[in-house]
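Here are a few exercises to work through with the model open beside you. Try each task before you read its solution.

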Amino acid sequence: MKRALILSGIYWNEPFQRHQQFSCYLNHMGYEVFFLERIMSSKFSVSKFWNVIGRRLLKTGEYSDLKIKNELPEGIKPIDYRFINPENGIFKIYNAWKINEFIAEYGSKFNIIINYLPINTTRMIIEQLDYDFLVYDCVRNFSGWGNYRKDILDEEKLLIKKSDIVFTDSFFLTDYMKQYQKQTIQFLPVASRKWVEGCQRRKIPKIEHFAYFGSIEKHIDVNLLNSLANAGYIIHIWGVKGVNLGFKYMDHGYESDLRRLAYQITSIADAIILPYKGNMDGVIPAKLLQCLSTYMPIFISKFYDSICLKDYLYVYTDFQNLISLINDYNDLGEEKRKNNIRIFLKGKDEMSQYGRFKRTFEQLLN
């Protein structure tokens, strides 16, 4: 049987995203997929160390607090070898030992490797494997994000050179890769069939209810949500809250059924708010294509990729600009935007992306 290896920084049971999606694609293509999960890529810190140790001692790892259990198709095997930070010295020795354990148990021959992490840990893994095809699936702007080792850009250059092809998931990263003159294919996030089936179309003459769905962590501008609530708008939240919210909102909890989630959002809310903060260059939120598939008005903070998609979104610069955009909203003028979205989404559904993914490997491996 054909074998594929995914080198991932996330667990299989984290919110379903690109890593799991591409694993399922390979599985459908007849590959036995080994999902090597939670390979640590950040710099070592004492606080993180005790956090990881504490969760393991208390057996609360793998995001068990989120109670997310993704479907696990037959033929996909999540594996956690508990690699630690990609530091030198004892860290590197420990990771090398764990790599030898992995190879002893699962062998060294793989037809396809997809690597998400340009770090010395994954480089050491790849150097000891016999493979036919290596993909660097670049989903993060490592040059613009902190908390990584200084050599991560050097590691990325080595990985790009060694890879047969590069995949990207955003406009920023696609443009960034042009400097390396390596064949690059952009696979934007897609809205699943279940999500699209749940979306309800309706006229929205006035915006009073805002929806936010997904986890609320440090990259979400909670102060802006607070200001919206204080301005009289009703905020509806579906998802896990990792920070304290100091404002009144409608809590709908975490909804795992995408069809039901899409139905609730499109039935209750008048608009969707995506309030990001900090450096977002190199990031296109996976939920953005889900949002576009609702054809609802979407208000989003300004960053590289939201500007690239400005014909389909309401991109704001600050709270006052957001209020101005809300006040200027008129459903009578929405048809042009909806038509633009319709054209943009053509060929970006789940089945179309799978077909494109499959053809890519067929052409490159034959």
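Two residues are in contact here when they have heavy atoms within 4.5 Å of each other. Keep in mind that the model is a predicted one.

**Exercise 1. Describe the overall build of the protein.**

Step 1: start with the contacts. Among those with a separation of 6 or more, 71% join residues 24 or more positions apart.

Step 2: list the secondary structure. The protein has 14 helices and 13 strands. Its radius of gyration is 21 Å, close to the 21 Å from the globule rule for 366 residues, so the protein is as compact as a globular protein of that length.

Step 3: The C-alpha trace spans about 60 × 45 × 40 Å along its principal axes. Of the 366 residues, 51% count as buried. The exposed surface comes to about 17,600 Å², and carbon and sulfur atoms supply 51% of it.

**Exercise 2. Find the residues that touch the most other members of the largest nonpolar core, and follow one of them.**

Step 1: this core holds 59 residues, and those touching the most other members are L5, L26, L36, F102, I125, F167 and F357.

Step 2: follow F357. Leaving out residues up to four places away in sequence, F357 touches F22, Y25, L26, M29, I114, F167 and F187.

Step 3: look beyond this core. Another core, of 58 residues, lies apart from it, and A262, L288, L309 and I341 are among its members.

**Exercise 3. Work out where the buried residues of helix α9 sit around its axis.**

Step 1: helix α9 covers residues 258-268, and its buried residues are L261, A262, I265 and T266.

Step 2: look down the axis. These buried residues fall within an arc of 115 degrees, so they line one face of α9. As a reminder, an α-helix has 3.6 residues a turn, so residues three or four places apart point the same way.

Step 3: identify the partners. The buried residues of α9 pack against α7 (193-198), β8 (209-213), β9 (234-238), β11 (271-274) and α10 (287-294).

Step 4: inspect the start of α9. There, a side-chain oxygen of D257 comes within 3.0 Å of the backbone nitrogen of R259.

**Exercise 4. Repeat the analysis for helix α5 (residues 152-162).**

Step 1: the buried residues of α5 are I152, E155, E156, L159 and I160.

Step 2: their arc around the axis is only 135 degrees, which puts them on the same side of α5.

Step 3: the elements they pack against are β4 (109-115), α4 (120-127), β5 (130-138), β6 (165-168) and α6 (171-176).

Conventions:
Residues are numbered from 1 along each chain as its sequence is written. This is a predicted model: local features need pLDDT of at least 70, side-chain atom pairs count only at pLDDT 80 or more; totals for chains, interfaces and linings use all residues. Side-chain values use heavy atoms; hydrogens and water are left out. Buried means under 20% relative accessible area, exposed over 50%, partly exposed in between (1.4 Å probe, protein chains only). Helices (H or I, at least four residues) and strands (E, at least two) are DSSP runs, numbered from the N terminus. The arc is that of the directions from the helix axis to the C-beta atoms. A nonpolar core is a set of buried Ala, Val, Leu, Ile, Met, Phe, Trp, Tyr and Cys residues joined through side-chain atoms within 4.5 Å. The radius of gyration is taken over C-alpha atoms; the globule rule is 2.2 Å times the number of residues to the power 0.38. Accessible areas come from the Shrake-Rupley method with a 1.4 Å probe; for residues, only the protein chains shown count as cover. A polar contact is a pair of N or O atoms within 3.5 Å; within protein, one must be able to donate a hydrogen and the other to accept it, and residues adjacent in sequence count only if both atoms are side-chain atoms.
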